[in-house]
Amino acid sequence: MIGRGSGFQKRRRNSRLIFTGLIFLSAIFYLASVGNDNAFKSSRKNVEGVGAKILTYLTLPVRGFEKLIADTGNRWNAHSENERLKEKVSRLSDTEARLNDLSFKLSRFETILNVDVDSDIPETKIAARAVSENDGPFAKTALINVGVKQGVSKGDAVMTIDGLYGHIISVGNSSSRVLKLVDLNSRVSVMSKSNQARAILIGDNSPFPTLSYISSQADWDDGMTVITSGDDGVLPMGLPIGTVVTENEIRKVKLFANRNFVDWIWVYPYDPIKTPEEDPVPVDPVDGAGMEDTTSQETGAAVQEDLSESPLQ
Amino acid sequence: MIEPVTPTKARNFAIQASFAMLISVIFASMTFNIFGYTLGFIFAPLIVLFLWPKGADPIISYFGIFITGLLLDILLGDPLGGWSLIFLPFYALMVFFGAGRDTGFGETWLNFVFWMSAFTGFFALAKLIRFLDVDLMSLLKLGVMNLVLFPLIFYSKSRMRRIIVTDEGT
């Protein structure tokens with residue numbers, strides 16, 4: 001039995017020492033990792049990888065139960081839903097025919113004008129499951145069960161069936177962490193689909209992120225569709241995000257991916273545009289001159305030549 | 001009066017509580033979507049801390065809380081050490097003030113309401129002094145969810161103790 005003797009006193013002293021030591025250690029860990037993504041990176045990734053695997057299995061019955069409830073609701077509304085969908089299909093078949101016609105015309109114009117208007121949105125996408133979604137008071141992140149092995153890399157866009165959900169902030173071998181658009185640290189350059197007005201979408205831990213850095217000339221109105229602008233060079237252009245809503249004279253965005261039930265998501269692997277410093281032209285071993293110099297000289301010459309032939313002169 | 005606890009029993013109490021803490025941490029990192037509502041239980045480990053067995057070996061308890069706190073940081077993507085920094089002092093305070101020693105459920109639950117309010121108040125204060133940027137609404141939601149979850153863990157604990165812990169402390 002634990003008595004009140006010297007052994008008890010010693011143990012009590014030791015426990016106090018250990019308590020103080022662990023508090024101190026926690027504080028060191030905290031200070032080292034706050035605002036520093038690289039702190040304890042490899043250890044975190046290993047634990048996250050194992051955690052993602054465990055959570056994938058643990059969440060299976062939970063997701064099954066959720067699906068059962070959702071299915072029951074769907075069956076309840078099946079008849080009215082069927083009618084609505086039939087009407088939508090008949091409407092969309094007309095739209096599809098018009099779209100095909102426009103698409104054909106567009107490709108013809110592209111050929112005639114010799115322009116490259118390929119979409120930035122990658123054609124390949126990686127399906128994943130959000131095994132743990134943190135909707136807590138601090139970060140708004142999600143752990144997904146795909147990583148480097150599946151071709152995911154930092155910065156990749158993450159979509160739900162409805163729209164942009166967030167982007168990858170850290171990648172492990174078989175797991176990744178997604179920073180949701182609503183997170184306080186989320187910053188995405190966006191534009192209006194209708195008039196290309198630019199802004200930065202800033203997360204504020206509320207369900208509706210704020211549109212900031214709006215230019216005074218920009219014309220943003222409620223109901224406008226917001227898409228990624230690709231100006232940040234991180235996310236591809238054209239990913240659907242949401243629609244503009246005004247709250248207390250502040251422009252906000254109602255996200256397309258605002259549904260509570262997020263299970264399957266898609267990662268869009270995308271190679272961002274590299275800066276010239278990141279992607280230097282190899283130096284020519286013969287004369288030691290960088291290729292870019294030659295190119296710029298040639299380009300300059302070509303421009304001068306063009307100007308000399310210009311009818312304006 | 002505090003019942004004397006054998007060293008073996010004290011160690012077993014601490015190991016079992018640490019294991020319960022581990023389960024609560026995994027549970028805390030999951031979300032549940034029922035009828036269009038997302039339910040999160042990030043504060044669930046606080047219930048385990050509150051119901052931590054009295055007389056549990058303090059050294060093992062501290063290490064258990066510290067490690068599970070780190071695990072929660074990793075699973076939630078929060079800065080490492082943050083949750084340990086919150087859990088350890090709260091556990092020490094709870095032990096100091098004898099939290100969770102009430103006999104009846106009603107009394108224990110009311111006591112927990114006080115501790116949960118203190119916990120939520122701590123985060124609100126951290127926001128007020130701009131140390132942490134937390135969303136107060138989700139904080140409130142998580143606090144209420146924890147109060148609803150409390151009876152389940154309370155009854156599971158007494159049932160599990162009857163199965164696992166015998167008088168010999170095995």
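## Surroundings of K252(A)

Beyond its neighbours within four places in sequence, K252(A) has contacts (heavy atoms within 4.5 Å) with D204(A), S206(A), F208(A), P209(A), T210(A), L211(A), T243(A), V244(A), V245(A) and E247(A). K252(A) sits in strand β11, residues 250–255 of chain A. Its relative accessibility is 10%, so K252(A) counts as buried (under 20%; exposed is over 50%, partly exposed in between, with a 1.4 Å probe and protein chains only). Helices (H or I, at least four residues) and strands (E, at least two) are DSSP runs numbered from the N terminus.

## Model and confidence

This is a predicted model, in which local features need pLDDT of at least 70 and side-chain atom pairs count only at pLDDT 80 or more, while totals for chains, interfaces and linings use all residues. Residues are numbered from 1 along each chain as written, chains are lettered from A and ligands numbered from 1 in written order, and side-chain values use heavy atoms, without hydrogens or water.

Chain A has a mean pLDDT (the predictor's confidence in each residue, from 0 to 100) of 79, with 83% of its residues at 70 or more. Over residues 291–313 of chain A, pLDDT stays under 50. Where pLDDT is low, predicted coordinates should not be read in detail.
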